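Colleague: I have a model open and would like to learn how to read it. Could we take a few features one by one?

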Amino acid sequence: FGEDIRKIQFLRVPPDEINRSSYQANSRIAAVTSPVVAYRFNVLKRGDFGIEATSSLSSQPPTLAVDGILEPPSTWMAGLVPLPIYLTIDLGDIYTLGKIVVHHNVIGKRSFGPQNAKVLVSSDSFEFAEILEVSDFEDAATVIHLPSHPSTRFVRLEITESKQVNNVQLNEVEIFDVAHSKISRFLT
């Protein structure tokens with residue numbers, strides 16, 4: 001398998017739900033019988049989240065902030081624009097969230113992450129509700145626990161202040177559910 005394959009599923013299927021034409025050529029199954037045991041085999045590869053940002057450099061698009069790579073050069077960089085900057089992530093489905101981990105780009109001893117930000121959520125991408133304001137971002141990575149455990153599809157990080165004047169650089173934004181499992185998008 002290629003490196004984008006992340007999951008393999010074996011799912012038991014009731015034999016009477018199998019289409020007869022799918023096994024007629026199988027010489028191990030007698031012509032007048034049906035299979036005794038059947039499984040469906042799925043291969044899932046990691047897909048991409050839909051993501052939008054109000055600012056980005058052409059060579060550092062917002063998709064780099066959710067590509068699963070925590071190190072540069074996979075870094076979303078906002079242009080030198082006034083704050084706030086919005087980064088909106090489409091999870092593709094409704095999830096109950098437990099925490100968000102924001103990995104900031106650090107060069108030498110200088111962090112280019114947010115200083116202050118708001119976390120907003122939405123089920124329809126039109127109306128967002130603020131669930132938390134964060135004003136204590138670490139230098140390299142910040143874990144944002146979401147005590148309200150919102151069920152949502154869209155997560156927006158509104159960066160209102162940055163550690164470096166109007167220069168925001170994020171290596172990755174990871175989102176976890178209430179069971180502490182990382183939310184990833186998979187394609188069968």
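Colleague: Is His104 buried or exposed?

Modeller: Buried means under 20% relative accessible area, exposed over 50%, and partly exposed in between (1.4 Å probe, protein chains only). His104 has 3% relative accessibility, so the residue counts as buried. Bear in mind that this is a predicted model, in which local features need pLDDT of at least 70, side-chain atom pairs count only at pLDDT 80 or more, and totals for chains, interfaces and linings use all residues. Residues are numbered from 1 along each chain as its sequence is written, and side-chain values use heavy atoms, with hydrogens and water left out.

Colleague: Where does His104 lie, and which residues does His104 touch?

Modeller: His104 belongs to strand S5 (residues 85–104); strands are DSSP runs (E, at least two residues), numbered from the N terminus. Contact means heavy atoms within 4.5 Å. Leaving aside residues up to four places away in sequence, the residues touched by His104 include Ser111, Pro114, Phe137, Ala141 and Leu170.

Colleague: What polar contact does the His104 side chain make with another side chain?

Modeller: A polar contact is a pair of N or O atoms within 3.5 Å; within protein, one must be able to donate a hydrogen and the other to accept it, and residues adjacent in sequence count only if both atoms are side-chain atoms. The His104 side chain has such a contact with the side chain of Thr142, at 3.4 Å. A polar atom of the His104 side chain also lies 3.2 Å from the backbone oxygen of Asp139.

Colleague: How should I read the sheet with the order S1-S2-S13?

Modeller: Strands of a sheet pair through backbone hydrogen bonds, either parallel or antiparallel. Two strands pair if DSSP finds at least two bridges between them. Here the three strands form an open sheet with antiparallel pairing. Strand S1 (5–13) and strand S13 (186–187) are the edge strands, each pairing on one side only. Eight bridges join S1 to strand S2 (residues 38–46) in the antiparallel sense, and Ile8 stands opposite Val43 in S2.

Colleague: Is Ala78 buried or exposed, and where is Ala78 found?

Modeller: Ala78 counts as buried, because its relative accessibility is 5%. Ala78 sits in the loop between strand S4 (76–77) and S5. Beyond residues up to four places away in sequence, Ala78 touches Ser55, Ser56, Leu57, Ile85 and Val168.

Methods: Helices (H or I, at least four residues) and strands (E, at least two) are DSSP runs, numbered from the N terminus.
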